[in-house]
Amino acid sequence: MGIEIERKFLVTGEAWRSMGHSVPLIQGYLAGSNQATARVRIAGDNAFLTVKGRVKNLTRQEFEYEIPVADAQAMMDLCHPRVVAKTRYKIPIEDLIWEVDEFTGQNRGLVLAEVELTSPEQSVPLPDWIGLEVSDDPRYFNSYLAAHPYSTWPHEPSSNP
């Protein structure tokens with residue numbers, strides 16, 4: 001069984017931009033409930049079908065399968081309008097890989113960083129471009145952003161959402 005243990009943070013500043021390589025991502029949500037979501041993702045020249053369970057203590061079940069890109073493109077048509085587009089930067093720091101997602105489209109302006117862990121208690125040294133932790137805030141789940149784009153959130157000048 002696949003398990004994902006992850007912490008998520010808002011990103012501040014621009015220092016992270018020169019630290020890793022990037023790939024464009026588009027993902028659409030085929031189904032979702034309180035227990036799980038099913039998504040299709042196209043990441044550069046690869047595509048995946050993923051089912052993720054509910055998050056509990058930073059941990060959730062994750063099942064991911066590579067699929068043909070043509071199949072993913074056809075499935076993406078079934079997802080509209082529940083689609084998220086972003087550029088993902090992979091940034092190695094010490095023994096961790098940080099994934100920084102710079103959202104585009106209706107989620108433009110949002111930049112999140114995620115780091116996968118081996119246990120929920122694992123200590124994580126935070127780079128200086130890491131801001132507020134949002135691991136427990138469901139508004140920052142991609143499945144939520146697909147249905148409630150960041151551009152529709154109420155924003156106050158010079159503050160985080």
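1. Arginine 60 lies over the face of phenylalanine 141, at 5.6 Å from the ring centre. The rule for a charge over a ring is NZ of Lys or CZ of Arg within 6 Å of the ring centre and within 35 degrees of the ring normal. A second case involves arginine 139: its charged end sits over the ring of tryptophan 153, 5.0 Å from the centre.

2. A note on the basis. This is a predicted model, in which local features need pLDDT of at least 70 and side-chain atom pairs count only at pLDDT 80 or more, while totals for chains, interfaces and linings use all residues. Residues are numbered from 1 along each chain as its sequence is written, and side-chain values use heavy atoms, with hydrogens and water left out.

3. Aromatic pairs. Rings of Phe, Tyr and Trp (its six-membered ring) pair if their centres lie within 6.5 Å; planes under 30 degrees apart are stacked, over 60 edge-to-face, and the rest tilted. The count comes to 6 aromatic pairs. Tryptophan 16 and tyrosine 89 have ring centres 4.9 Å apart and planes at 75°, so this pair is edge-to-face. Tryptophan 16 lies in the loop between strand E1 (3–11) and strand E2 (21–32), and tyrosine 89 in strand E6 (residues 83–93), so the pair ties together parts that are 73 residues apart in sequence. Helices (H or I, at least four residues) and strands (E, at least two) are DSSP runs, numbered from the N terminus. Both partners are shielded by the accessibility rule: buried means under 20% relative accessible area, exposed over 50%, partly exposed in between (1.4 Å probe, protein chains only). Tryptophan 16 is buried at 1%, and tyrosine 89 is buried at 13%.

4. Tyrosine 140 is in the loop between strand E9 (130–133) and helix H2 (142–147), and tryptophan 153 is in the segment after H2, so the pair links parts 13 residues apart in sequence. Tyrosine 140 is buried at 0% relative accessibility. Tryptophan 153 is buried at 9%. Tyr140, Tyr144, Tyr150 and Trp153 form one aromatic cluster. Tryptophan 153 is also the ring under arginine 139.

5. Strand pairing. Two strands pair if DSSP finds at least two bridges between them. Strand E3 (residues 36–43) and strand E4 (residues 46–53) run antiparallel, joined by 8 bridges. E4 and strand E5 (residues 59–67) also run antiparallel, with 6 bridges. Threonine 50 in E4 stands opposite arginine 39, and threonine 50 also stands opposite glutamate 64 in E5.

6. The hairpin of E3 and E4 has 2 residues between the strands, and its glycine 44 takes a positive phi near 65°. The hairpin of E4 and E5 has 5 residues between the strands. Leucine 58, in the loop between E4 and E5, has a positive phi of about 65° although it is not a glycine. Asparagine 57 is exposed at 53% relative accessibility, whereas leucine 58 is buried at 14%. The peptide bond from histidine 80 to proline 81 is cis, with omega near 10°. Proline 81 is in the loop between helix H1 (69–79) and E6. Most residues other than glycine have a negative phi, and most peptide bonds are trans.

7. The largest pocket. On a 1 Å grid over the protein atoms alone, a cavity is a set of points where a 1.4 Å probe fits but cannot get out; a pocket is an open set with protein on both sides within 12 Å along at least five of seven lines; lining residues have an atom within 4 Å of a point. Grid points are joined across faces, edges and corners, and a volume is the space filled by probe spheres set on the points. The largest pocket has a volume of about 800 Å³. Its lining has 39 residues, of which Tyr29, Thr37, Arg39, Lys52 and Arg60 lie nearest the centre. E2 gives the most to this lining, with 6 residues. By class, the lining has 11 nonpolar, 12 polar and 16 charged residues. Ala, Val, Leu, Ile, Met, Phe, Trp, Tyr, Cys and Pro count as nonpolar, Asp, Glu, Lys and Arg as charged, and the others, Gly among them, as polar.

8. The cavity. There is 1 cavity of 30 Å³ or more. The largest cavity has a volume of about 120 Å³. Its lining includes Leu58, Arg60 and Phe141. E1 gives the most to the lining of the largest cavity, with 4 residues. The lining divides into 4 nonpolar, 1 polar and 6 charged residues.
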